[in-house]
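This report considers the model shown below, with attention to its loops, its nonpolar cores and its surface.

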Amino acid sequence: MEFWRHIYSNFDVVAFNIAGLKVHWYGIMYVIALLLALFLAKIFVRKFQLTIDEKRLDSYFIWVEIGVILGARLGYILIYDANTFYYITHPWQIFNPYVDGEFVGIRGMSYHGAIIGFLIATFLFCKKYKENPWVFLDLVALSVPLAYVFGRIGNFLNQELVGRVTDVPWGIYVDGVLRHPSQLYEAFLEGVVVFVVVYLMRLRQSFEGELILVYAILYSLARFVCEFYREPDFGIGLVLWGMSMGQLLSLIMFVTTLLVYVCIKFKKVNI
């Protein structure tokens, strides 16, 4: 248990170097997450006999990945970053991976921004290729949660998005302060638990688009709960009624998606 508590003191966030470029464990976990999501999508296409061509699916994931990266980065800058005005006036710096000549990668991504980028990319893709967006969105709802687990593990290995101060036996020391391993809580609740429920819903799905709505409802609820154990964002803190920015955005997402789901499910609104 002592080794676990001091794991950050015995772990290097950099996995290896290539020609002077540092490859972080976070980046490796991100790549694994992306490949796993695509792999699972192809499995579910075959399992549920979806009418999605494999090449079209590969193309869709490229579109989505671009949308997610753009949305996540811009969302972070607009919502969380203290230097928003600087980036607005220096847009070429938004994706600059160097700081003072040192390669550090792109830091600062927003999940809720990624969602917006993902949705825009999906609807643009489906409009261009005349596909049913709800079929693709439901497939994403099945494929992403387990892959998302590796994203949160990446946050943990990168020693970021740390938890709040605690005295629980499984807490870990971050700069000498014992904290919740909140990233792992998120990996379990937002990843594993959400996947299980969404998969079970697929077995009794009643309309196209139901799975992505259920995913959004479950994720926002899981994120809201996990935020009680996660340190509020630096420079922002608690923003409203004792809630963090993540909780506020998750609450908005939960209420909005739940209303849409209820309207479609019980009012028979067409989508």
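Is Asp 175 buried or exposed? Asp 175 has a relative accessibility of 79% and therefore counts as exposed. The model in which this value was computed is a predicted one.

## Loop residues with positive phi

Asp 175 belongs to the loop that links strand 5 (172-174) and strand 6 (177-179). Although Asp 175 is not a glycine, its phi is positive, at about 55°. Most residues other than glycine have a negative phi.

Gln 49 is another non-glycine residue with a positive phi, here near 50°. Gln 49 is placed in the loop between helix 2 and helix 3. With 69% relative accessibility, Gln 49 counts as exposed, because the cut-off for that class is over 50%.

## The hairpin of strands 1 and 2

Strand 1 (residues 14-18) and strand 2 (residues 21-24) run antiparallel and are joined by 4 bridges. Within this pairing, Phe 16 has Val 23 of strand 2 as its bridge partner. The hairpin has 2 residues between the strands, and Ala 19 adopts a positive phi near 50° there.

## Nonpolar cores

The largest nonpolar core contains 41 residues, and Leu 57, Tyr 60, Val 198 and Tyr 215 have the most contacts inside it. The elements that contribute two or more residues to this core are helix 2 (25-47), helix 3, helix 5 (111-129), helix 6 (133-157), helix 7 (182-202), helix 8 (210-226) and helix 9 (245-267). Helix 6 supplies the largest share of this core, with 9 residues.

The surroundings of Val 198 can be described in detail. Leaving aside residues up to four places away in sequence, Val 198 touches Ala 141, Leu 142, Leu 211, Val 214, Tyr 215 and Leu 218.

## A nonpolar surface patch

In soluble globular proteins, nonpolar side chains tend to be buried together. The model also has a nonpolar patch on its surface, of about 650 Å², made by Ile 62, Ile 66, Leu 70, Leu 74, Leu 78, Ile 88 and Phe 95. Helix 3 (residues 54-79) gives the largest share of the patch, 5 residues.

Which class of accessibility does Leu 78 fall into? Leu 78 has a relative accessible area of 58% and is therefore exposed.

How values were computed. Residues numbered from 1 in each chain as written. Predicted model: local features only at pLDDT ≥ 70, side-chain atom pairs only at ≥ 80, totals over all residues. Heavy atoms only, no water. Patch = residues over 30% accessible without salt bridge, like charges linked within 9 Å, V, L, I, M, F, W, Y side chains within 5 Å. Areas by Shrake-Rupley, 256 points an atom, 1.4 Å probe, with all protein chains shown as cover. Salt bridge = Lys/Arg side-chain N within 4 Å of Asp/Glu carboxyl O. Buried < 20%, exposed > 50% of the residue type's maximum accessible area, 1.4 Å probe, protein only. Pairing = 2+ DSSP bridges. Core = buried A, V, L, I, M, F, W, Y, C linked by side-chain atoms within 4.5 Å. Contact = heavy atoms within 4.5 Å.
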